[in-house]
Amino acid sequence: MSSGSGKRVVVTGATGNVGTSVVRLLAEDPEVESVVGLARRFPDRKPPKTEWSTVDLAAEEGGLADVFEGADAVVHLAWAFQPTHDPAVTWRTNVLGSLRVFEAVAAANVPTLVHASSVGAYSPGPEEDRAVDESWPTHGWPDAVYCREKAYLERTLDTFERDHPGTRVVRMRPAFLFKRESASEQRRIFGGRFLPGPIARPGVLPFLPDVPGLRVQALHTDDAAEAYRLAVRTEVRGPFNLAADPPLDVELLAEMFDARPVRLPRTVARSAIAAAWGLRLLPASPHLFDAVLRLPLLDCTRARVELGWRPQRTATEVLEELLHGMRAGAGAPTEPMRGRKVG
């Protein structure tokens, strides 16, 4: 435990979309004495009570246990979405890097591990389109690298919890996470560097493709970060779904974009995505598209009851904020989140 009266919390992936919000909220928490943010590159800003440490989880180097020594909790957020054309690279960071984090948590006897899982870890949702709770199977969609890696780490944590019962393990399974400051990063991750931010302006697109079954849930990153903060402070264990209402579908998007929805068969949409991905014009793979069509809706009752958590923004407000950020080229002073409208 930390030497002072408050908690010492280590956050991996501290300069990304979720990490910047988690670090800020932890630094504002009077029960947290200090925060250690781990990232591959130092950011340009330092929140109160926070120190930075450069760590590359993909590198086969020791020392993580030394960084974790004396911590009350480790919040593991580090994740690489790209390159989607080379899954061996993301495997080294996302899976092997996570294994190093888990091993270091055990070696340093850290009492709490909060891990960033995802809705993408879940198996395809039920046919009747009902929301699922945390007992739904987490085998992912095996053809999508992102889902496969998230599901693999769920099985790894099953073994970790069995072997280290003294460590309190919390798994967060959020929907898609957005905020204004991450707009440029999200555009690059999903739309690619050739997609101009101003295209997100209402009236620019005359129509939107209406793909059967395409609907997702979203959540403001700050609302997700609040759930992480509560998980550090509250003696809870296990998985928690995190999402805001309403689910986002093409009708809602068409209204926001002032566009007309046009029905597009799944096979046509997938073929177009596959062609753009194959030409390296689009970073989001057709395999991820397949997975998104099968994602279940999340029932977040457990987070409300056991964490006392409720999102402060609707999914519609989150999307509006993201689109405004894309048009403005919004970002944050960290390397992953630099703002720009194009490029």
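What is the handedness of the crossing of H1 and H6? The crossing is right-handed, the near helix being turned clockwise from the far one by less than a right angle. The legends describe a predicted model, in which local features need pLDDT of at least 70 and side-chain atom pairs count only at pLDDT 80 or more, while totals for chains, interfaces and linings use all residues. Residues are numbered from 1 along each chain as its sequence is written, and side-chain values use heavy atoms, without hydrogens and water.

**View 1. Helix H6, residues 221-233.** Of its 13 residues, 11 are buried (under 20% relative accessible area, 1.4 Å probe, protein chains only). Among them are Asp 222, Asp 223, Tyr 228 and Arg 229.

**View 2. Contact of H1 (residues 17-28) with H6.** The axes (lines fitted to C-alpha atoms over the stretch in contact, with angles from 0 to 180 degrees between N-to-C directions) come within 8 Å and cross at roughly 55°. Residues of H1 including Asn 17, Ser 21 and Arg 24 meet residues of H6 including Thr 221, Glu 226 and Tyr 228 (heavy atoms within 4.5 Å).

**View 3. Packing of H5 (residues 183-191) with H11 (residues 315-328).** Their axes lie 8 Å apart at an angle of about 85°; H5 and H11 are therefore roughly perpendicular. Ala 183, Gln 186 and Arg 187 of H5 meet Leu 322, Gly 325 and Met 326 of H11.

Note on methods
Helix = DSSP H or I, 4+ residues; strand = E, 2+ residues; numbered from the N terminus. Expected span 1.5 Å × (residues − 1). Buried < 20%, exposed > 50% of the residue type's maximum accessible area, 1.4 Å probe, protein only. Parallel < 35°, antiparallel > 145°, perpendicular 65-115°, else oblique.
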